[in-house]
Amino acid sequence: MTEESIYSQLSAKFGDACLAFENEASHNPGALIDSTKLMDIMIELKENPAFAFDSLMCVSGFDLGEEAELGMIYHLYSVSLNHYFTIKTLLNRTTPKVASVANMWRTADWHEREVYDMFGVIFEGHPDFKRILLEEDWEGYPLRKDYVPAEFYRGMKIAKER
Amino acid sequence: MGRLHTEEMILNMGPQHPSTHGVLRLKLITDGEIVSHVEPVIGYLHRSFEKHAENLEYQMVSPFVDRADYIAAMNNGHAYAIAVEKMLGIELPPRVEYIRVIMAEFQRIASHLIAVGTFGLDVGGITPFIYCMRERELILDLFEMASGARLLYNYIWIGGLAHDLPAGWVEKAYEFLDEFDFHVEEYNRILTTNKIFIERTADVGVLPVEVAINYGVTGPNLRGSGIPFDVRKNQPYSFYDRFEWKVPVGEGAMGSVGDSWDRYMVRIEEMLESAKIIRQALDQLPAEGDVKAAIPKKIRPPKGAEIYSRYENPRGELGFYIRSDGTNIPTRVKMRSPAFSNISALNEISQGWMMSDVITILGSLDIVLGEIDR
Amino acid sequence: MIESMANWFLSLTWFPQMELASVKLLSVLLVGAGLFAFIAVNAIVLVYVERKVSAFMQVRLGPMRVGPYGTLQTVADALKLLLKEDIIPTLADSILFRVGPFIILISAIVAFAAIPFSPTVTAADMSIGLYYIVSISSIVVVGIVMSGWASNNKWSLYGAMRSAAQIVSYEIPVGLTLLAVVAMAGSLNMNEIIIAQGGSSNLFHWIPLPLPNWYMFNNPFLFIAFFMYIIGATAEINRTPFDLPESESELVAGFMTEYSGIRWALFFLSEYANFTLVAFLTAVVFMGGWQSPFETIFAAKTSLLVLLALALAWTGYVKTKANRLSIYPLAIIGLSTIAAWLFPGFAIWITEPGLFWIAMKVLSLIFLLMWFRWTFPRLRVDQLMYVSWKVLMPIALFNLIGVATWMWLTGEIQF
Amino acid sequence: MNYFKNIYIAISTLMTGMKLTLGYFVRPREYVTLQYPDEVWPIPERNIGTGELASYNVIRSKLHVDIDDCIGCKKCERACPVGCISIDVLKGDKGEDLGVTKNGTSIKLVVTKHQIDMSECMFCDLCTHPCPEDCIYMEADYRFERNDNKRKDVTVKERWRDRSTLIYDFAKIAQEDVDARTAKIEEENRLKAEEKEKAMAEKLAAAAAKQTAKADAEQTQNVKADVETTLFKTTEGGES
């Protein structure tokens, strides 16, 4: 199934929640959706036998800039039907919150923890929500554009970036 | 007599344990020898690759990419180069693509040799490891000839290669391939068919297909579970659609499908398939040709361009999510490393097995901590 | 030996006149010191040999830098271990932690007392020699559990518990196989067991293949028992494929995780002492101890010829099959054959002295065990127990009955 | 029956493995480890191929700069992802002949500092490719030993901490020369700035003279204040 038809079916079902179909700049066409409806759309994508997205390849966060929003991007793949789709959603910078899909795809478990670790996005309903790569008491979210590297961590000096 | 009072014990394995393949820490909850819960704790080798990448030009990122999975540096460089080239829409000369395929497959063999060898080490056989390292050394010699380095090559660049192949390289590669089948037979004799090894690995840590897909397990681990999924076949990149080879899958020859032995065996067979690919690529390699495509000096993908490119790393699907803001510095480089997803399934498949089996399963998953922590 | 030594001391004119008891005590001490020296030197040599054997099997060179061909490497290592700081973890049970290694070492050394090195060189030629060795070498378990527990480390505890289970379980099949031999020989005295294996006879009495009358060639049941004993003994001395107590890829170093320096060296020493002990016991019980396999010079010469022919055939076979084989073993056998034909004195020498032959047998057994170690992966705990209780035990019992039947058939016992 | 079959398989497969290891044990050595300081790894035959550089290997062990050929373009410095190269250049004197490189480019700048910190280098080889004169390249010499193990004045801690021996300085210019050149350039700059100042002042004075005819005394003072600030700004800009 092509990405266009997936998007048209999705937008037929969810209406306003699908904001746009992105295929110009992106090499992986997909839908930009409303973050509050993420869970419903993901359930549809996974459970509907026409889509059958049984594999979540990647969950990544990105930051559009110090003033703009944070983004989440989900790359989906169906092993059984061999098609792809991308779900993108934008989150409020001050209170980034989105539903966790870790219970649907276990891949998302660690990937979401990593996004939290790096961007501070809160995933609601995640089974084991904590930092993964950095220490529990690390301050700030390093991959945000407004992150200021700390001088010290527990009394240890942190090497400066060039 | 009443029931014996038993208690669960928390056992800390690592980060300095000999069998955790680096600095991985496993929190085991054990009941005697039986393990009831495994929690991998990662991050000890975190080198903030993604943060680095946000401050460097596209070209400068590639040496850092090599360091993420230091066992398969060539593959990582290839994956990154492919991702950026797709963003720029560059066509490469055929010689470059052939050499890249040859290098990537040699690296796959080298990486699998380490996987096979260390797996032998995990179940207690020291000698197979040394044999594997011996063959790997020959591959590294080839790499050294071509790129000048033995571990972190930075050979595959965006838009081409660092150097052309030196004279005599192709002959040496053929020489290695001629010897290689015999050596694989040796591993089979000392390890694969060994009854103790089979007892240790067959039926241990069975990873069912649904669980594997759900956990995002890819590469030999997924194929060990019986699905012939390989990015090189399903979404061919580079010149992989020009070669004849098959995707080995686990068949449960010694136990059930998806056990540790299957995962191991897929690697052994994959080495032979890679050797086949290399042979074909060497046969088809154009004798002359430029190894650098015409790329702009400053790599500036269009503003807002983004890509998620998949690549078949020795450990599975290596994805690069790259986002551009129109400058020569990427705004976001996310590396979806295969081992990161593979190891997250560890708890699921090692529950109820013995402590020794956890090590076997960990070895059969073939993790590289540099890639997990990035 | 102690008796004769005491008598020799008393016969010396310059020796101060003492009572027999104190001279005996002196002899005992001297013999003990001699055994300890033997074990220490033996361990140093064996570590070097093991490193070289492993290196050659793994296409490496092994130690090369200290001394010619690295021969002094282990000496240097031993010195380093002696000079190292003795670390005892704060939370360890310090007394047990200190005592543990010594118990292991002492049990290993004491067991050597009953080993007959040659007809005259036997520290204590006791009537229950075999029984003594089997029982005394089981004390190792106490030391291992002690040091594993005292280390206050979960890995050490795992190693100790595994070791206890393993050694205790393997005592039984090992004991049963030895029992078969004891039934055959009708004695527990080591020298008598050896003497019972004198002379030469056909393989299993019936197959016309002239072989020394060792127990391993005496009848098919004892032939199986020999290999079972090797397997059981490998498990008892904690070597691969049964090295679970110290499996380095699982338990870091098992019960010796927390040890360092001299205490760790003691573990090493006792490991190699036990190793040698097992090889000696096998040589004595199944391979005719200090007896030469050749009764006469003629037997020696013909046997070497037969061996040469076999080696040639084997070399040819492998050469055609794999296109790679060395001529080293062939050359050694060929040279010995030529030497035996040219210099009858050499042949006489190889027919006579016991120390040479027992050393040869022990060394080849040690090589066998090293060969095991550098080839096989390791078993799991439950598989280890499976091998002991479900494979070795039934076969050992069956063997015991078989040996009895055999003895009845060949008329060695009557009802 | 399966039980006996298992035992048989176990024995036969174990024997297969043992045969292999024994084969290697008795075989003459095929691949052996090299005894490093006595034997040295052969360097693969490979060069980057042009003219004089034919003998330069691609083996990436140590960065080297032919400083005579360096034109101070700083391309390698910009290409380095970790910033281990630092280059300072000064302008040559007017009419001074700084020589030509082997490629025939005449050198315009004096390289006063070309420092490579090998402790930070990641051996990626990215710096060698942009060099227009092929004068920075990787050498095959992999030995970085310090040779101060026996020196009493270097403590172990210092030996581990100190990485100064891994910092390679390639610039040949002596410090006095650098100082002299810097002084000269400063002097030149100062003279230039003064000239500018003078010219500016004259200009302003002329302008002011024109205006004085019309303007009154207060206005004149205002113009003066303006001139002062402008002057201040120009000198600042000239220095930076």
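## Chain A at a glance

Of the 162 residues in chain A, 53% count as buried, where buried means under 20% relative accessible area, exposed over 50% and partly exposed in between (1.4 Å probe, protein chains only). Keep in mind that this is a predicted model, where local features need pLDDT of at least 70, side-chain atom pairs count only at pLDDT 80 or more, and totals for chains, interfaces and linings use all residues. As for bookkeeping, residues are numbered from 1 along each chain as its sequence is written, chains are lettered from A and ligands numbered from 1 in the order in which they are written, and side-chain values use heavy atoms, with hydrogens and water left out.

Chain A carries 3 helices and 9 strands; helices (H or I, at least four residues) and strands (E, at least two) are DSSP runs, numbered from the N terminus. Read from the N terminus, the order is α-β-β-α-β-β-β-β-α-β-β-β. Along the principal axes, the C-alpha atoms of chain A fill a box of roughly 55 × 30 × 25 Å. If you take the contacts in chain A (heavy atoms within 4.5 Å) with a separation of 6 or more, 51% come from residues 24 or more positions apart.

## A:R93, a buried arginine

A:R93 sits in the loop between β5 (83-91) and β6 (97-99) of chain A. Is this arginine buried or exposed? A:R93 counts as buried, because its relative accessible area is 11%.

Two aspartates make polar contacts with it. A polar contact is a pair of N or O atoms within 3.5 Å; within protein, one must be able to donate a hydrogen and the other to accept it, and residues adjacent in sequence count only if both atoms are side-chain atoms. The side chain of A:R93 makes one of 2.9 Å with the side chain of A:D63 and one of 3.3 Å with that of A:D146. Leaving aside residues up to four places away in sequence, the residues that A:R93 touches include A:G65, A:E66, A:L70, A:R144 and A:K145.

## Where A meets B

Of the 5 pairs of chains in contact, A and B share the most contacts. Here 41 residues of chain A are in contact with 41 residues of chain B. The two chains bury about 3,500 Å² between them, with 54% of that from carbon and sulfur atoms; buried area is the accessible area (1.4 Å probe) that two parts lose on being put together, summed over both. On the chain A side, A:W110, A:L133 and A:L143 lose the most area to chain B, together 19% of what that side buries.

There are 5 salt bridges between chain A and chain B, a salt bridge being a side-chain nitrogen of Lys or Arg within 4 Å of a carboxyl oxygen of Asp or Glu. B:E54 and A:K145 meet in a salt bridge through their side chains (3.5 Å, N to O). On chain A, the elements that give two or more residues to the side touching chain B are β3 (55-63), β4 (70-78), β5 and α3 (107-119). The largest share, 7 residues, comes from β3(A). By type, the residues on that side divide into 21 nonpolar, 10 polar and 10 charged; Ala, Val, Leu, Ile, Met, Phe, Trp, Tyr, Cys and Pro count as nonpolar, Asp, Glu, Lys and Arg as charged, and the others, Gly among them, as polar.

## Where B meets D

Together they bury about 2,700 Å², 60% of it on carbon and sulfur atoms. How many salt bridges does the rule find across this interface? The rule finds 0, along with 4 residue pairs in polar contact (both at pLDDT 80 or more).

## Chain D and its first helix

Chain D has 5 helices and 5 strands, and 29% of its 240 residues are buried. Helix α1 (residues 2-26) of chain D has 25 residues and reaches 36 Å from its first C-alpha to its last, close to the 36 Å expected at 1.5 Å a residue, a span worked out as 1.5 Å times one less than the number of residues.

The buried residues of α1(D) include D:L14, D:M18, D:L20 and D:Y24. What do the buried residues of α1(D) pack against? Their partners are α5, α6 and α7 of chain B, together with α2 (20-57), α13 (328-342) and α15 (354-373) of chain C.
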